Structures are given as structure tokens and as C-alpha cells.
Amino acid sequence: LTDALKSLSDQGIYLVARVDCLRDQLLAGLNVENSVLVAKSGRRWYDFWGMSWVSPVNTQVRQYLVDLCVELSQMGFDELVLDSAYFPDQGEVHVLAQSTNYPDTRTTVVEQFWQEVTQALEGSEVRLSAQVRGDSLVEGGVTSGMTPQLLDQYAQRVWVTLNKATTQTQVTRALTQAGMDPSRQLVVQEAASGQTIWE
């Protein structure tokens, strides 16, 4: 795979790896040190797509993801897009049980994870990006712990998924108010994808 990536890179192709971080069925199945998020019923919690999540509070979970990002950067990817690199923000999040794994204040834990990834990638040329939901940004990241301010501090680019209730203007305003450089540009991909990129 590394040879194939090098061949593509030599042809001038920009290589992006999208990494599902905390929404990971395999990682949740291992349930390292009881890291999986659970509902108030005591059962495993599932999101809108029927996926389980693990908690960034767990040091082994964070280290696994940091190591994965380092490995991908060494393989030659130009950009890493971290998806679900925060707490769940879609589905029946109101039934999640408050616990050490799911604290009331989630921003501190999310920032710790992003700090660790950023430090591990220091010195590499890989661009670190985030994929987030537009409505989550507009609400200030209260549910997910991923605030616009953290994006401004740690993400070199932000991939935003818009829904019918959230507009580009609202997302642009939220990111700009958080301190994003106003010279950065919001680029829209093909309409069918529902994706926009803050560059």
C-alpha cells in the first residue's frame, strides 16, 4: 500500500485519509478498559447509524488513534481528516449515561486528544483536518465537545456536513467568530455530496 501511495504521490495526486476515530465498531467491540459509551439503561449506546462509540477519556483509545495517525502520515498521505474525533452529537445522545467516560464537560477531553495528535505529528508535513456537522458548530459544540475555537486552534482545514436546517452562512459566521482567518475560503464540493470544505 505504501508503494501504491508513493506512486500516486509521484504523479502529483493529493492524498487524503479519512479516519473514523471514536465511532469505531471494532474498537468498541474490544471495549478496552470499559471504554465504550453506554446508555442510562446500562447497555451499549448506538448512534443514528447503529454504530457504537468509544470514549476519548480512555488513554489507550487515544494512544491507538494517535499511533494510527502517525502511521498514516508516514505512509505518505498529505492530509488526515479526523471524523468523529469528539463525543457523539447525533442520534439519541440524551440517553447517554453521565460517567467518567461521558463527562458533563467534554471540551477538555476532546482538546487533550487533539493536542496529543498534533504533538505526535509535529515535524511531519501532513495536514490535520476535522470533519464536523454544521449544526454542531452553530450550537457551539456543546454536545460534541468540539468547539469552533478548538477547530481554529488545531485543524488546518474543516470539512463541514450541512443539513437542511444549517446554512453555509451560519457555519461561516461561527468559524469566523471563533477566530478563523477571514482570508480563508469556504469551498463547496459537488452538491450531491452534501460536503463543504473550510480551507
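Keep in mind that the model is predicted.

How much space lies in the largest pocket? About 190 Å³. The lining has 14 residues. Closest to the centre are Arg-23, Trp-49, Asp-83, Gln-90 and Arg-133. By type, the lining divides into six charged residues, five nonpolar and three polar. Which element gives the most to that lining? Strand 3, residues 127-133, with three residues.

Next, helix 7. This helix runs over residues 168-177. Its buried residues are Val-171, Ala-174 and Leu-175. Why do they sit on the same side of helix 7? Because they cover an arc of only 95 degrees around the axis. There is a general rule behind this kind of pattern. An α-helix has 3.6 residues a turn, so residues three or four places apart point the same way. Now turn to the other side of helix 7. There, Thr-169 and Gln-177 are exposed. After the helix comes Gly-179. Its phi is positive, near 110 degrees.

Last stop, Ser-55. Where does Ser-55 lie? In the loop between helix 2, residues 25-30, and helix 3, residues 59-75. Is Ser-55 buried or exposed? Ser-55 is buried, because its relative accessible area is 0%. Look at its side chain. A polar atom there lies 2.6 Å from the backbone oxygen of Asn-101. Now set aside the neighbours within four places in sequence. Ser-55 is then in contact with Leu-22, Ser-35, Leu-37, Val-61, Phe-87 and Asn-101.

Note on methods:
Residues are numbered from 1 along each chain as its sequence is written. This is a predicted model: local features need pLDDT of at least 70, side-chain atom pairs count only at pLDDT 80 or more; totals for chains, interfaces and linings use all residues. Side-chain values use heavy atoms; hydrogens and water are left out. On a 1 Å grid over the protein atoms alone, a cavity is a set of points where a 1.4 Å probe fits but cannot get out, and a pocket is an open set with protein on both sides within 12 Å along at least five of seven lines; lining residues have an atom within 4 Å of a point. Grid points are joined across faces, edges and corners, and a volume is the space filled by probe spheres set on the points. Helices (H or I, at least four residues) and strands (E, at least two) are DSSP runs, numbered from the N terminus. Ala, Val, Leu, Ile, Met, Phe, Trp, Tyr, Cys and Pro count as nonpolar, Asp, Glu, Lys and Arg as charged, and the others, Gly among them, as polar. Buried means under 20% relative accessible area, exposed over 50%, partly exposed in between (1.4 Å probe, protein chains only). The arc is that of the directions from the helix axis to the C-beta atoms. A polar contact is a pair of N or O atoms within 3.5 Å; within protein, one must be able to donate a hydrogen and the other to accept it, and residues adjacent in sequence count only if both atoms are side-chain atoms. Contact means heavy atoms within 4.5 Å.
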